[in-house]
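Welcome to a short tour of side-chain packing. Have the coordinates open as you read, and pick out each group of residues as it comes up.

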Amino acid sequence: MKSMLVLLLAALSGTAMAETASPVIYTGKVGNAPVQVAFDYLKDRVANEYGIGEYRELLIQQKSASAEDTKKVSLALQMQGLLDDSVKAQRYQFALHFNDELNVWLIDSVKQDWQCRRAANKGWTQKPCQ
């Protein structure tokens with residue numbers, strides 16, 4: 001009975017810890033907006049060392065849950081017209097929140113996906129194009 005109780009308490013405490021401790025992928029700098037934090041995180045994946053990107057169009061969309069809740073945002077950065085003949089578009093999707101103690105934006109999650117030119121399914125995939 002004691003061992004079952006110990007296992008149950010361990011499982012519950014592990015669940016509580018998992019819910020409260022969310023890993024931070026990247027910490028922005030004080031004064032940077034979410035778009036700047038995303039660009040800093042991506043570094044050379046969006047442009048080369050001179051700031052030149054190999055795409056025709058860059059689309060950035062930032063959304064918050066509401067006008068009153070602007071400290072949690074989702075941000076999508078999409079590159080279209082890539083020089084790669086197998087990739088039609090590439091997209092990064094971010095979830096960020098503002099940390100009041102540090103006064104910075106934190107990246108909670110990032111998802112990268114592609115639209116392939118020659119694929120039967122023209123939707124987004126998390127598998128690189130061939």
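## Burial and the disulfide

A residue is called buried here when its relative accessible area is under 20%. By that cut-off, both C116 and C129 are buried. Keep in mind throughout that this is a predicted model.

These two cysteines form a disulfide, with their sulfur atoms 2.0 Å apart, and the structure holds one such link. The angle about the S-S bond is -90°, and the link of C116 and C129 is left-handed. In general terms, a disulfide is a covalent bond between the sulfur atoms of two cysteines.

## A cluster of aromatic rings

Which residues do ring pairs link into a cluster? They are Y26, Y41 and F94, and the model has three aromatic pairs in total. Take Y26 and Y41: their ring centres are 5.6 Å apart and their planes meet at 65°, so this pair is edge-to-face, given that planes over 60 degrees apart count that way. Y26 comes from strand β1 (residues 26-27) and Y41 from helix α2 (residues 34-42), so the pair links parts of the chain 15 residues apart.

Y41 also pairs with F94, again edge-to-face, with 6.0 Å from centre to centre and 90° between the planes. F94 is in strand β4 (residues 87-99) and Y41 in helix α2, so this pair ties together parts that are 53 residues apart in sequence. F94 is buried, because its relative accessibility is 3%, below the 20% cut-off.

## Arginines over rings

Two arginines are worth a look in your viewer. R91 is placed over the face of W124, at 4.0 Å from the ring centre.

## The nonpolar core

The largest nonpolar core has 18 residues, and the members that touch the most others are L42, L77, Y92, F94 and L96. Helix α2 and strands β3 (72-80), β4 and β5 each supply at least two residues of this core. Setting aside residues up to four places away in sequence, L42 touches L77, Y92 and F94. As a general point, nonpolar side chains in soluble globular proteins tend to be buried together.

Is Q90 buried or exposed? Q90 has a relative accessibility of 14% and therefore counts as buried; its place is in strand β4. The side chains of Q90 and Y92 are joined by a polar contact of 3.0 Å. Beyond four places in sequence, the residues that Q90 touches include L77, M79, L82, W114 and W124.

Q115 lies in strand β5 and, with a relative accessible area of 16%, is buried too. A polar atom of the Q115 side chain is 3.3 Å from the backbone oxygen of K122. Away from its sequence neighbours within four places, Q115 is in contact with V87, K88, A89, K122, G123, W124 and C129. Among these contacts is C129, the disulfide partner of C116.

Methods:
Residues are numbered from 1 along each chain as its sequence is written. This is a predicted model: local features need pLDDT of at least 70, side-chain atom pairs count only at pLDDT 80 or more; totals for chains, interfaces and linings use all residues. Side-chain values use heavy atoms; hydrogens and water are left out. Rings of Phe, Tyr and Trp (its six-membered ring) pair if their centres lie within 6.5 Å; planes under 30 degrees apart count as stacked, over 60 as edge-to-face and the rest as tilted. Helices (H or I, at least four residues) and strands (E, at least two) are DSSP runs, numbered from the N terminus. Buried means under 20% relative accessible area, exposed over 50%, partly exposed in between (1.4 Å probe, protein chains only). A charge sits over a ring if NZ of Lys or CZ of Arg is within 6 Å of the ring centre and within 35 degrees of the ring normal. A polar contact is a pair of N or O atoms within 3.5 Å; within protein, one must be able to donate a hydrogen and the other to accept it, and residues adjacent in sequence count only if both atoms are side-chain atoms. Contact means heavy atoms within 4.5 Å. A disulfide is a pair of cysteine sulfur atoms within 2.5 Å. A nonpolar core is a set of buried Ala, Val, Leu, Ile, Met, Phe, Trp, Tyr and Cys residues joined through side-chain atoms within 4.5 Å.
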